[in-house]
Amino acid sequence: MAHSIFDLFKVGIGPSSSHTVGPMVAANRFAKELVTQDLLQEVVKVRVELFGSLALTGKGHATDNACVLGLMAESPECLDADNIPGLLALVKDTGELPLSGKRWIYFSSEEDLIFHYHTSLPEHPNAMTIKALDEEGAIVLSRTYFSVGGGAVVGEHDPQQAISSSLAYPYASARELLAHCSQTGLSIAEIILANEAALGEKEAEIKLLSLWRVMSGCIERGLAQKGVLPGSIKLKRRARALHQRLQALDVEGSIQQGGIDTLDWVNLYAMAVNEENAAGGRVVTAPTNGAAGVIPAVLAWFIKFKSDKDEDIVTFLLTAGAVGLLFKQNASISAAEVGCQGEIGVACSMAAAGLTAALGGSPEQVENAAEIGMEHNLGLTCDPIDGLVQVPCIERNTMGAVKAINASRLALLSDGTHYVHLDDVIKTMHQTGLDMMSKYKETSQGGLAINVIAC
């Protein structure tokens with residue numbers, strides 16, 4: 001397997017991993033390259049061109065702001081979301097941008113951020129080109145980047161990444177992963193932990209618990225906020241009021257321990273995370289920002305009603321990560337490429353697998369749960385109203401989380417024997433995404449985006 005689970009689980013800011021985090025990473029990389037190549041002093045102007053889905057839904061996803069921040073050498077994992085308004089106001093008010101945080105250049109968002117609404121690049125629907133120009137208008141440096149999902153960025157001329165032969169247990173399919181488990185007697189989580197150690201992640205468990213604290217903190221912030229979300233829809237936040245209602249019911253003893261009523265808490269946790277994401281808050285890609293609420297919601301539900309042991313939390317995240325890597329390697333986690341099945345569908349599959357493992361399921365039951373989670377999200381489209389990661393994205397996270405719990409329950413009631421294999425579902429998801437019309441793949445040109453008009 002070519003990637004670490006920490007390629008999936010990354011701290012960033014909302015509202016989108018592919019349209020906010022990715023472009024910020026790309027612009028930051030470009031600014032740093034100017035410094036490393038000793039070109040910064042030649043630059044008097046920078047122009048950013050956005051193509052495909054990055055153009056069509058870029059303004060609703062704050063892609064323009066992300067590019068500005070990245071050029072200023074800000075990075076999504078370190079940027080304090082509270083500082084964003086001030087940084088953007090500085091550029092707008094002065095008409096200048098501190099390129100790489102070092103050289104002030106003239107910059108106008110209206111002139112220097114170009115949205116090519118009717119042009120896509122063949123390599124990927126999320127594409128952007130950044131050009132640095134000198135006083136005569138000649139190109140000092142030009143780079144094209146592709147935001148391929150989950151905040152990951154690939155440069156046009158980046159070398160192809162090969163599957164690592166140094167892993168303790170390399171695998172490129174679920175069948176190979178299960179074979180390792182069968183041959184060694186190790187769980188999926190233990191296989192992944194050994195692989196992370198081979199990749200140099202000596203303290204992977206500590207890092208995973210740190211990521212959970214970020215997820216948990218995001219839930220807490222979401223529960224505390226009220227008002228409306230930014231953007232044209234003026235969508236009212238609901239998590240705070242729902243939390244107050246559930247707390248009252250809990251006091252009255254109306255919540256059944258582990259029963260169906262506890263799913264209200266799953267809905268609450270997912271809603272809290274994705275309202276924070278929509279507001280540009282700090283989240284963990286899991287595997288993307290648009291689907292960031294599914295895994296934290298299921299894990300928070302598990303902690304509240306089942307177990308709060310650190311080892312169970314680590315098992316959950318390691319196992320979820322193992323499944324996410326299969327989708328990333330063999331299909332896609334980009335809604336612009338395969339629709340929302342690549343985001344909510346993958347997150348549901350990951351959460352179902354993680355929960356099943358944390359509840360003591362066998363590797364075969366884990367694989368079954370992951371398969372069920374994706375099988376019943378096949379064909380899920382991405383059609384955000386006005387390009388905002390709000391409707392239907394926030395509620396879709398609640399549905400993905402509930403589906404994950406049900407998938408886990410179905411798998412745990414069986415012995416792991418089932419007819420459809422996870423590998424077959426991943427292949428089917430990829431084929432379905434490729435066949436899907438582009439208007440249903442994060443372009444806001446179809447579905448709810450055209451049938452429900454933003455106010």
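Guide: Buried means under 20% relative accessible area, exposed means over 50%, and partly exposed is in between (1.4 Å probe, protein chains only). This is a predicted model, in which local features need pLDDT of at least 70, side-chain atom pairs count only at pLDDT 80 or more, and totals for chains, interfaces and linings use all residues.

Visitor: Why does Lys234 count as exposed?

Guide: The relative accessibility of Lys234 is 54%, which is over 50%, and therefore Lys234 counts as exposed. Lys234 lies in the loop between helix 8 (204-224) and helix 9 (239-251), where helices are DSSP runs of H or I with at least four residues and strands are runs of E with at least two. Although Lys234 is not a glycine, its phi is positive, at about 55°.

Visitor: Is Glu442 buried or exposed, and how do you know?

Guide: Glu442 has a relative accessibility of 4%, which is under 20%, so Glu442 counts as buried. Glu442, too, has a positive phi of about 55° without being a glycine, and its place is in the loop between helix 17 and helix 18.

Visitor: And why is Ile453 put in its accessibility class?

Guide: Ile453 reaches 65% relative accessibility, over the 50% limit, and so counts as exposed. Ile453 lies in the segment after helix 18 (448-451).

Visitor: What makes a group of residues the largest nonpolar core, and which of them have the most contacts inside it?

Guide: A nonpolar core is a set of buried Ala, Val, Leu, Ile, Met, Phe, Trp, Tyr and Cys residues joined through side-chain atoms within 4.5 Å. The largest such core has 93 residues, and Phe9, Leu208, Ile295, Leu317 and Phe327 have the most contacts inside it. Another core, of 39 residues, lies apart from it and includes Ile13 and Phe115. If contact means heavy atoms within 4.5 Å, Phe9 touches, among others, Leu208, Ile295, Leu317 and Met350, with residues up to four places away in sequence not counted.

Visitor: What makes one space a cavity and another a pocket?

Guide: On a 1 Å grid over the protein atoms alone, a cavity is a set of points where a 1.4 Å probe fits but cannot get out, whereas a pocket is an open set with protein on both sides within 12 Å along at least five of seven lines; lining residues have an atom within 4 Å of a point. The search of the whole structure finds three cavities of 30 Å³ or more, and the largest cavity has a volume of about 170 Å³. Of its 19 lining residues, Gly290, Glu343, Cys382, Val389 and Cys393 are the closest to its centre.

Visitor: Which residues lie nearest the centre of the largest pocket?

Guide: Among 31 lining residues, those nearest the centre of the largest pocket are His3, Val148, Ala152, Val154 and Lys328, and the volume of this pocket is about 970 Å³. Strand 8 gives the most to the lining, with four residues.

Terms used: Residues are numbered from 1 along each chain as its sequence is written. Side-chain values use heavy atoms; hydrogens and water are left out. Grid points are joined across faces, edges and corners, and a volume is the space filled by probe spheres set on the points.
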